[in-house]
Amino acid sequence: MNLPDEHNNNSKDYEYDAVVVGIGHAGIEAALALARLNNRTLCLSVTLDNAGYLACNPSIGGTAKGHLVREVDALGGEMGRAADRTLTQLRMLNSSKGPAVHSLRAQVDKYKYHEYIKSVLESEENLFLRQGEAKNIIVENGEIRGVETVTGLVYRAKAVVLACGVYLKSTIIVGSVIEERGPVCFPRANYLSESLEREGFVLRRFKTGTPARVKRDSVDLQKLEIQYGEDTPYSFCSLDLKPKKKKNVCYLGYTNGKTHDVIRANLKKSPKYGGLIHGTGARYCPSLEDKVVRFADKERHQFFLEPEGDGTKEMYVQGLSTGLPADVQLEFYRTIDGFENLEIMRDAYAIEYECVDPKQLFPTLMSKRVRGLFFAGQINGTSGYEEAAAQGIIAGINAARYIAGEPPVILTRDSSYIGVLIDDLVTVGTNEPYRMMTSRAEFRLLLRQDNADLRLTPIGIEVGLVDKKRAAVYKKKKRDIAKAEAALKTVLPQNALEEYFARIGDAPAKSAMTAEEVIKRNFVTRENFCERFGLFDGLMPAAVNHVFIETRYRGYLERERRAADEIKRVESMPISPDTDFTKIDGLRNEAKEKLAAVRPLTVGQASRISGVTPADVNVLIIRLKNA
Ligand SMILES: Cc1cc2nc3c(=O)[nH]c(=O)nc-3n(C[C@H](O)[C@H](O)[C@H](O)COP(=O)(O)OP(=O)(O)OC[C@H]3O[C@@H](n4cnc5c(N)ncnc54)[C@H](O)[C@@H]3O)c2cc1C
């Protein structure tokens, strides 16, 4: 759509450097990044009451998602700080396993999270919040010019970020009842889909679901297992805000045969199994009816009862999302031990919404079709607050760099989970809501959550998004790591080791040993070593933790680094975005088609496109070398 003449109003009210559509987890990070990089930024949302709204589980982080939150924080984002400020319980998941899968998960107060985020957005210089529904994107000669709202206002901008989440033509489904609205009771976005289709974007319909919210007092909590949080003062934010210790607990419960019988007896009434909806759902967030059908042999399915916030009695039933009719929901929930007198406060529901095929984007998250138009979050086919925030900060940084005429930031697969996420989306694409998992990353040991700042804060500093305070913490950590590494060479006397090893149940020392040799021994932990030997006293715990992990896993880390460097050697061979793959002799037709569709920017990205063989990659490399 071209810029309507009558709206050639160039007053400042309608003129911005950038417009961000959406105030969800992607929109927040994009808008803050743009504003903090000195761009006059308008943030539009169909309602301002859903700023940072946690439409589903009242928690931030978890396996692989905790890594994303730390990476967003390392780049100067806000999600980590928001979670630390509003958490109600904290747990380090997978702590009995290796450090590659250690993942922080915070239960948060969703109402305080919304308030905190909205106050941060409202007090950010250069950022203007506006309630309004974006109806059309305005494009001229293949370049974005702004957006038009349903009330006819036109906001001009040099860059636009669409972070529309689950709101594009969303429908809420409970049994056979379908309502045209957004999650909770927020309004949906009715028009933008058509505007995108007019510009040639391919949209598809995805689905997700959420469980009921139930009244705490109506649950017999004695019949459930208490899940305590941890006291260890972990934090998502490297500024180490020392989150207030919170004693909130969650509860673990199980469905049973009676529950599954009610589900089976009413399967036809479920929107999916009744054929009412066709949106593609999330394989890794299945509804209860999906679990009962797909895992028919399982006698019970676990769920967690999680408080939605300190000031409410609403509890979230993690793991029991459904689209079954409201009366059936009450019937099957009440078959569960402890739920006999359950009061449902909000019905569970399924939601269908439109999203774009992310293969229409470059790894910068800018669209290939419209220069200056970026997409971030669930609109790209992902599912999850953390996945959304990760895309939001990259889209925001790259929209700012696009405006400034600076080269974009592209994170590679060996640099971060964000790099893995975006590369998977724009290269392979996704046919169902994409959720991040540690198994998606080749270099898990390199991409640990504890070294996110060491991997990404230098980039945050370079692009100008990391403030002085955070940069100072990063530099102190680096200095302390250097001091700790130097201390590794300290020789520890045999007699001291005798007593220490005897106390921790380890084999006796045959002679004096260096601290490095001692740390590699199985029974040695960071806690018992630091308690016995004050080598690392006064150094940041995060720095000491890093050196411990790097020392104990040195061999594995070196092997993974060599593999990453090898891939990087090929990975980084650039391919010009204007390459005409149909003209490259020796490439198979399927490869020509797929390469022309994805338009990879590097040989590495090309090698990951399904249908492009190693032989095709060799043809490409030879062609590039001879070019
Ligand atoms: C019912 C439900 C269940 C979910 N279940 C899970 C789950 O099990 N696991 C999981 O990981 N994630 C789940 N999620 C997803 C999670 O909520 C999202 O992944 C996350 O919120 C996405 O963030 P986002 O910023 O991309 O979009 P959202 O948080 O959806 O925010 C989108 C924003 O865009 C605005 N907007 C949209 N269109 C327009 C327009 N045209 N004009 C103006 N403003 C507009 C909206 O007002 C909103 O502010 C669920 C979400 C819902 C709704």
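This is a predicted model: local features need pLDDT of at least 70, side-chain atom pairs count only at pLDDT 80 or more; totals for chains, interfaces and linings use all residues.
The domain assignment divides the protein into four parts. Domain 1 is made of two segments, 12-207 and 353-463, while domain 2 spans 213-351. Domain 3 covers residues 478-560, and domain 4 covers residues 573-626. The centres of domain 2 and domain 4, taken over C-alpha atoms, are separated by 46 Å.

The ligand is surrounded by 36 residues, of which A26, S45, A134, Q378 and G384 are the closest. Several elements each supply at least two residues of this shell, namely α1 (25-36), β2, β13 (203-210), β20 (349-356) and α9 (385-404). The largest share, three residues, comes from β13. For T208, a polar side-chain atom lies 3.4 Å from a ligand nitrogen atom. Of the 980 Å² of accessible area that the ligand has on its own, the protein covers 96%.

Residue N57 is placed in the loop between β2 (41-45) and β3 (59-61). N57 counts as buried because its relative accessibility is 17%, and the limit for a buried residue is under 20%. Beyond its neighbours within four places in sequence, N57 is in contact with R105, E306, Y316, Q318 and Y385.

Helix α8 comprises residues 326-333, and its buried residues are V328, Q329, F332 and Y333. These residues are on the same side of α8, because they cover an arc of only 125° around the axis. An α-helix has 3.6 residues a turn, so residues three or four places apart point the same way. The cover over the buried residues of α8 includes the strands β11 (171-174), β18 (314-318) and β19 (344-346). It also includes the helices α6 (257-265) and α7 (288-294).

Strand β11 contains V174. V174 counts as buried because its relative accessibility is 15%. Leaving aside neighbours within four places in sequence, the contacts of V174 are G323, L324, P325, A326, Q329, A348 and Y349. Among these, Q329 is one of the buried residues of α8. V174 and A563 are 389 residues apart in sequence, and their C-alpha atoms are 49 Å apart in space.

Helix α18 comprises residues 589-598, with A591, K592, L595 and V598 buried. Seen down the axis of α18, these residues fall within an arc of 145°, so they line one face of the helix. On the other side of α18, N589, E593 and A597 are exposed. The buried residues of α18 pack against three helices, α10 (417-428), α19 (603-607) and α20 (614-626). The residue that follows α18 is R599, which has a positive phi, near 50°.

Conventions: Residues are numbered from 1 along each chain as its sequence is written. Side-chain values use heavy atoms; hydrogens and water are left out. Buried means under 20% relative accessible area, exposed over 50%, partly exposed in between (1.4 Å probe, protein chains only). Helices (H or I, at least four residues) and strands (E, at least two) are DSSP runs, numbered from the N terminus. The arc is that of the directions from the helix axis to the C-beta atoms. Contact means heavy atoms within 4.5 Å. Domain bounds come from an automatic or database domain assignment. A residue is near a molecule or strand if one of its heavy atoms lies within 4 Å of it. A polar contact is a pair of N or O atoms within 3.5 Å; within protein, one must be able to donate a hydrogen and the other to accept it, and residues adjacent in sequence count only if both atoms are side-chain atoms. Accessible areas come from the Shrake-Rupley method with a 1.4 Å probe; for residues, only the protein chains shown count as cover.
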